[in-house]
Amino acid sequence: MQDNNNDKKSLLIGDVLVDKGVITPEQLEKALGVQKEKKGFICNIIIELGFARPQEVFKVLSEQMGVEYVDLKSEKIDLSAVDKVPAKFAIHYKIMPYKFQENKLIVALSDPFDIHKLDDLRLLLDIEVGVVLSYEEDVLESIQKYYGVGAEILEDIMSREDFGEKVKPRSHAIEDLEAAVEDASIIKFVNQIIAQAVEERATDIHLEPYENELRVRFRIDGILYEVPIPESIRLFHASIVSRVKIMSGLDIAEHRLPQDGRIKIRVKGEELDLRVSVLPSSYGESVQIRILGTRFFMELENLGFIDDDLKKVASLINKSYGIIFATGPTGSGKSTSLYAALSKRNIPGVKIVTTEDPIEYQIRGITQVQIHPKIGLTFASVLRSILRHDPDIIMVGEVRDLEAAEIAIRSAMTGHLVFSTLHTNDAAGTPARLIDMGIEPFLVASSLEGIIAQRLVRVICPQCKQKKTVPSEIFRKEGVDVSGENIDVFEGKGCQDCRFTGFKGRTAIFEILLITEEIRDLILKRATTQAIKEKALAFGMRTLRQNGMQKVLKGITTLGEVMRVA
């Protein structure tokens, strides 16, 4: 009987939305079909299907019901109202306390017909309850923002009779430590943090203990953002760290030494590889988790190369021998670029072997070797063995010392194509860096084929992108040819979709140096980095900043972002 009532209400609301021109009859029919299959409130389903915006749907519903609609993304929440409702109630009933006035609690919810929620709240809180309308997704986001990730889990733990025992200092006996983290709530909390990081496109999770707090931060698009969490989480720091250690196969009894481990998990059907690093600090162990998965793997064409740069890179990776370096600081996308290049050459007729620390992406058809310096399995020792496996292409994760650099360069001179990474500020600085490591200039000159320097810049959020006029002189100063006195560029105004940063996602900017005979002569003469750069520019190389400016002109990123990274 209840289902029939819901169907009638849904049809009635749907008819009103059709009459007002918000949706079409066909869209209503499809939404009703989805509702029968998945259940849920018809207005939320219409919005989820993309048939209308929340403001359009709830404005009509508000008029029909005589109930105020509130956009929780832009409205200020009364914190005294939040204090009145425990997290577990807010999450269970999907309601957001909005304001508290004249001894009446006003809550936001998306389904005004779900009146049993309000009756339950009145009984549980012994308080008069009023209601405003809001989109379900906005309600859930607000709950997370104001209560913090995992708030209901911590409330549940702290309400138990044995809570005091759980936070008392324990002995370092392994059985005691394991008992501390077998609690389903701690397991659920750690899983929730990881799931939230994946949902927000984070590449790293940081759990950092301080004197009176535990801070959780996500790195999103290269920038760290603090995650709202309940203050009481600091009481569970040891249990949370121990849970992460158990997941990654680390020693939970060891608190004095750094440890590194890995976790393989599945989130929303996607397999992810998490690299875990635990570091002892003055207030406890700090945890850093790097999130890796197939979603980060990209084709060469999708990395952000301008057309003629893509041709240059294609000519490099199709060479039969020589060494190609990807250079830049940590986290600039070098490994992603090399994997994309290897995937282009990954065909049955080509043998590819890599030596990496760690292996970031598993690629079918490529033999990948993880180095273990503790047992003597270094880049140099693995490289010697790789050469006995008859490879056509070798990838060395990173040239860290003279021995590895020499073997990699000699491999390139004996008929192998070698890819590797190096930490230099720009492409032109690579020959000097190799010579400084102790490689003879003639070996560098004869083996080096090309250098790809890169950085990652944030992409303007498409939802809040807007035009901005700037003087053309800014571009001309950087050697980018533009006409007119002023030029239109874009920037992000900032919205909920991009966390009010104006950016969403990242792309790369590149500096591609092809080693010509003239540049080989300069390397042999131990020429300065500046001399090599000037010669490369004369042959058509674009600097990182020039490449970034091209992306500014295309409306991909902003001037400030290019200046920040280049």
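The following dialogue explains how to read several features of this predicted model.

User: What conventions apply to this model?

Analyst: Residues are numbered from 1 along each chain as its sequence is written, and side-chain values use heavy atoms, with hydrogens and water left out. The model is predicted, and local features need pLDDT of at least 70, side-chain atom pairs count only at pLDDT 80 or more, and totals for chains, interfaces and linings use all residues.

User: How many helices and strands does the protein chain have, and what share of its residues counts as buried?

Analyst: Helices (H or I, at least four residues) and strands (E, at least two) are DSSP runs, numbered from the N terminus. The protein chain has 24 helices and 18 strands, and its C-alpha trace spans about 85 × 70 × 45 Å along the principal axes. Buried means under 20% relative accessible area, exposed over 50%, and partly exposed in between, with a 1.4 Å probe and protein chains only. Of the 566 residues, 51% count as buried. A contact means heavy atoms within 4.5 Å. Among the contacts in the chain with a separation of 6 or more, 63% come from residues 24 or more positions apart.

User: How many cavities of 30 Å³ or more does the structure hold, and which residues line the largest cavity?

Analyst: Rolling a probe the size of a water molecule over the atoms shows where empty space is left. On a 1 Å grid over the protein atoms alone, a cavity is a set of points where a 1.4 Å probe fits but cannot get out, and lining residues have an atom within 4 Å of a point. Grid points are joined across faces, edges and corners, and a volume is the space filled by probe spheres set on the points. The structure holds 3 cavities of 30 Å³ or more, and the largest has about 60 Å³ of space. Its lining consists of Leu300, Leu303, Phe305, Val313, Ile317, Ile324, Ser337, Leu338, Ala341, Phe419 and Ile452. Helix 14 (307-317) and helix 15 (334-345) are the elements that give two or more residues to this lining, and helix 15 gives the most, with 3 residues.

User: How does the lining of the largest cavity divide by class, and which residues line the second largest cavity?

Analyst: Ala, Val, Leu, Ile, Met, Phe, Trp, Tyr, Cys and Pro count as nonpolar, Asp, Glu, Lys and Arg as charged, and the others, Gly among them, as polar. The lining of the largest cavity has 10 nonpolar residues, 1 polar and no charged. The second largest cavity, with about 50 Å³ of space, is lined by Phe189, Val190, Ile193, Ile194, Ile205, Leu207, Ile240, Val244 and Ile289. At least two lining residues each come from helix 12 (184-199), strand 4 (204-209) and helix 13 (237-247); helix 12 gives the most, with 4 residues. By class, this lining has 9 nonpolar, no polar and no charged residues.

User: How many aromatic pairs does a search of the whole structure find?

Analyst: A pair of aromatic rings is described by the distance of the centres and the angle of the planes. Rings of Phe, Tyr and Trp (its six-membered ring) pair if their centres lie within 6.5 Å; planes under 30 degrees apart count as stacked, over 60 as edge-to-face and the rest as tilted. The search finds 3 aromatic pairs. One of them, Phe305 with Phe510, is stacked, at 3.9 Å centre to centre and 20° between the planes. Phe305 lies in the loop between strand 9 (284-293) and helix 14, and Phe510 in strand 18 (residues 503-514), so the pair ties together parts 205 residues apart in sequence. Phe305 is buried at 11% relative accessible area, as is Phe510 at 1%. The rings of Tyr339 and Tyr361 have centres 4.8 Å apart and planes at 90°, so this pair is edge-to-face.

User: Is Thr424 buried or exposed, and which residues does Thr424 touch beyond four places in sequence?

Analyst: Thr424, in the loop between strand 14 (417-422) and helix 18 (430-437), is buried, with a relative accessible area of 9%. Leaving out residues up to four places away in sequence, Thr424 touches Thr327, Gly328, Gly429, Thr430, Arg433 and Arg455. A polar contact is a pair of N or O atoms within 3.5 Å; within protein, one must be able to donate a hydrogen and the other to accept it, and residues adjacent in sequence count only if both atoms are side-chain atoms. The side chain of Thr424 makes such contacts with the side chains of Thr327, at 3.3 Å, and Thr430, at 3.5 Å.

Methods. On a 1 Å grid over the protein atoms alone, a cavity is a set of points where a 1.4 Å probe fits but cannot get out, and a pocket is an open set with protein on both sides within 12 Å along at least five of seven lines; lining residues have an atom within 4 Å of a point.
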